[in-house]
Amino acid sequence: MALGGGAALAHWQSGGPEGDRPLAVSSAGPDARAQESPDASPSPKAGGRASASPSPSVSPSPAPSRSPGPSVSSVPSSGPGTFTTAKASGEQAGTGTPRRYRVQVEDGIGLSATDAAHQIEEILAHPQGWAAHGRGAFQLVSENADFVIRIATPKTADRLCLAQGLDTRGEYNCETTEGVVVNLKRWMLGSPTFSGTPAEYRHLIINHEIGHEIGIRTHMACPGPGRLAPVMMQQIKGLKGCVSNAWPYDKDGRYITGPIVP
């Protein structure tokens, strides 16, 4: 379901939205692991929109080693609600007018904003991604951004998403008028319905939410048993016979699509 500017598009639509005001991003000291600077949130975009986004998938790219990862108990459920901005910038991926983004990580959660920023930069520059096929141009910056990608603890993510009328239940990601909110639990652990690693699952988080960021307001359904699930499918609600997938395009450069969900 797509709603117009300033309204909310929920990715997870069972249960009603809850609400609170967005948390202010306040100053904090630099991360010890990498040179990062605290910063304030960018101004909301015109024609704001929001969408809650849970979608697991297997990346068609080579799988990383499956060494033991963090446990649920090792991921903090809440944090101070302040964020550190990655002091990082990169080259533009894709052609056309760039959408400049910055990456922020909630303070005190043991995750480097700079490391996360470079992972997101690689995802957006992937040959099966939006930029490679003319659907957007993206550039990592540390200031003067058009939108922000935040990684937040579940409780903080809930509050940020709730301000847009989105009930993320401590589990899911969302897209808001300011950009993307990524739930730390999903970033670190992946999804219980996702067969790949958390590192693979991050591709789907970013690609699904950026799909909404570039204007794809609808969701898709499975195009048929055994076929790749579209990245804009809510894969966490069930694959309906499809094969999980984290990329907008297949290895041959074909857009992975399916029936539009009303």
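A: Start with Cys222 and Cys242, which form a disulfide with sulfur atoms 2.2 Å apart. The term disulfide here means a pair of cysteine sulfur atoms within 2.5 Å. Such a link is a covalent bond between the sulfur atoms of two cysteines. The link of Cys222 and Cys242 is right-handed, with 90° about the S-S bond. Cys222 lies in the segment after helix H4 (198-213), and Cys242 also lies in the segment after H4, so the pair ties together parts that are 20 residues apart in sequence. Helices (H or I, at least four residues) and strands (E, at least two) are DSSP runs, numbered from the N terminus.

Now the burial of this pair. Cys222 is buried, at a relative accessible area of 13%. Cys242 also counts as buried, at 7% relative accessibility. Buried means under 20% relative accessible area, exposed over 50%, and partly exposed in between, with a 1.4 Å probe and protein chains only.

A word on the basis. This is a predicted model: local features need pLDDT of at least 70, side-chain atom pairs count only at pLDDT 80 or more, and totals for chains, interfaces and linings use all residues. Residues are numbered from 1 along each chain as its sequence is written, and side-chain values use heavy atoms, leaving out hydrogens and water.

The structure holds 2 disulfides. The other one joins Cys161 to Cys174, S to S 2.1 Å. The Cys161 to Cys174 link is left-handed, with -95° about the S-S bond. This pair links distant parts of the chain: Cys161 is in helix H2 (residues 154-162), Cys174 is in strand E7 (residues 173-175), and they are 13 residues apart. Cys161 is buried, at a relative accessible area of 0%. Cys174 is buried too, also at 0%.

Take the bonded cysteines in sequence order. Their pairing is 1-2, 3-4.

Next, the setting. The protein has 4 helices and 8 strands. From the N terminus on, its elements run β-β-β-β-α-β-β-α-β-β-α-α. Buried residues make up 53% of the 262 residues. Contact means heavy atoms within 4.5 Å. Among contacts between residues at least 6 apart in sequence, 75% join residues at least 24 apart. The protein exposes about 10700 Å², and carbon and sulfur atoms supply 52% of it. Accessible areas come from the Shrake-Rupley method with a 1.4 Å probe; for residues, only the protein chains shown count as cover.
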